[in-house]
Amino acid sequence: MFKEAIKATATTLITLSLVSCGGKSQSALEAENLLETARGAFEAGDTHRAFMLIDSLQNNYKAETGVQRLALNLRPKVMEAAIIKEISSTDSLMTSYAAEHDRLESKMKKISDQKLVEPYYVAVSGYDPSFMNGTGVQPRVDEVGQFFLISSVTGRPLKHESITLKSNAGQVSTPAVAYDGELNYRINGSELVTYMPEQSDTLGQFVYDNPAVEVTVVFNGAGGKSFSRRLTSAESQGIADAYRFSKSIICSRDLAVKRQKLERQLQVARDQIARTTPE
């Protein structure tokens with residue numbers, strides 16, 4: 001009789017417990033709690049945390065189909081909010097680069113001639129029209145916005161293949177460009193080497209990052225021979241101007257492509273919201 005009373009009491013407690021929880025399992029309660037936490041993060045603007053919580057819910061509570069349907073509707077809403085935030089950030093950067101391009105455009109000079117394969121831009125600061133008849137470095141920006149350098153050596157048979165820029169902030173060098181009669185060209189005691197954009201970028205960044213220091217250019221020749229000279233402040237400024245002018249063009253173009261991609265992603269998210277929202 002006593003044992004039967006204990007069993008009856010236990011059965012009653014279990015029943016009351018199930019009733020108080022709406023008959024939900026521990027797994028269902030945990031899934032619902034995770035969903036509500038994710039919804040709270042979303043409403044607070046923390047889309048990164050909301051995504052993590054939704055992922056955790058979908059990976060660990062697959063059997064809770066009711067909660068999963070609600071999470072399926074919440075995810076594209078979080079995605080929509082995250083994309084809108086990224087579009088806003090992208091627009092801000094595009095505005096910044098456009099302003100920088102406008103500021104620098106007057107500091108660049110377009111060189112166009114029928115003898116040229118294509119026109120290019122040079123910085124007004126430090127520009128020497130007789131550059132190829134002397135010894136120095138000239139920054140250029142091509143028509144698609146790529147920054148590159150050209151080095152010229154005259155009257156010194158260095159057979160140079162690379163250059164180094166150095167200052168008290170450190171030093172950077174281009175890779176060697178082997179003599180080929182095109183990118184590395186020699187005639188009548190003059191040497192002209194063209195460094196591709198990927199070979200020049202580090203040097204442009206170096207000068208731009210250190211605007212108030214004196215920079216020396218070293219022309220690295222064959223057999224360990226070299227020649228160096230200090231860049232004037234105008235020449236250093238020209239390299240920095242050309243480098244940033246190039247970045248303003250390339251980054252603006254890349255950001256425009258990114259924004260178009262974000263717009264497509266935003267439409268996908270909104271389509272998903274429409275599909276997963278109950279009528």
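This is a predicted model: local features need pLDDT of at least 70, side-chain atom pairs count only at pLDDT 80 or more; totals for chains, interfaces and linings use all residues.
Biologist: Why is strand β8 called largely enclosed by the rest of the structure?

Modeller: A residue counts as buried when its relative accessible area is under 20%. Five of the six residues of β8, which spans residues 190-195, are buried, so the strand is largely enclosed.

Biologist: What makes β4 and β8 a pair?

Modeller: Two strands pair if there are at least two bridges between them. Six bridges join β4, residues 147-154, to β8, and the two run antiparallel. Therefore β4 and β8 meet the definition of a pair. As one example, V153 has E191 in β8 as its bridge partner.

Biologist: How do you know that β7 pairs with β8?

Modeller: Four bridges join β7, residues 184-187, to β8 in an antiparallel arrangement. The definition asks for at least two, so this is a pair. Y185 stands opposite L192 in β8. The hairpin of β7 and β8 has two residues between the strands, and N188 there takes a positive phi near 50 degrees.

Biologist: Why is β4 also called largely enclosed?

Modeller: Seven of the eight residues of β4 are buried, so the rest of the structure largely encloses this strand.

Biologist: What makes β3 and β4 a pair?

Modeller: Six bridges join β3 to β4, and these strands run antiparallel. With at least two bridges required, β3 and β4 therefore qualify. G136 has S152 in β4 as its bridge partner. In the hairpin of β3 and β4, four residues lie between the strands, and G145 takes a positive phi near 100 degrees.

Biologist: Which residues have the most contacts inside the largest nonpolar core?

Modeller: They are L149, I163, L165, V217 and F219, in a core of 27 residues. Elements that give two or more residues to this core include β3, β4 and β8. The largest share, five residues, comes from α6.

Biologist: What does L165 touch?

Modeller: Leaving out residues up to four places away in sequence, L165 touches G170, Q171, V172, L203, F206, V207, V215, T216, V217 and L231. Each is called a contact because heavy atoms lie within 4.5 Å.

Biologist: How many residues are in the other core, which lies apart from the largest one?

Modeller: That core has 14 residues, among them A31, L34, A41 and V78. These four belong to a nonpolar core, so by definition they are buried and joined with other members through side-chain atoms within 4.5 Å.

Key
Residues are numbered from 1 along each chain as its sequence is written. Side-chain values use heavy atoms; hydrogens and water are left out. Buried means under 20% relative accessible area, exposed over 50%, partly exposed in between (1.4 Å probe, protein chains only).
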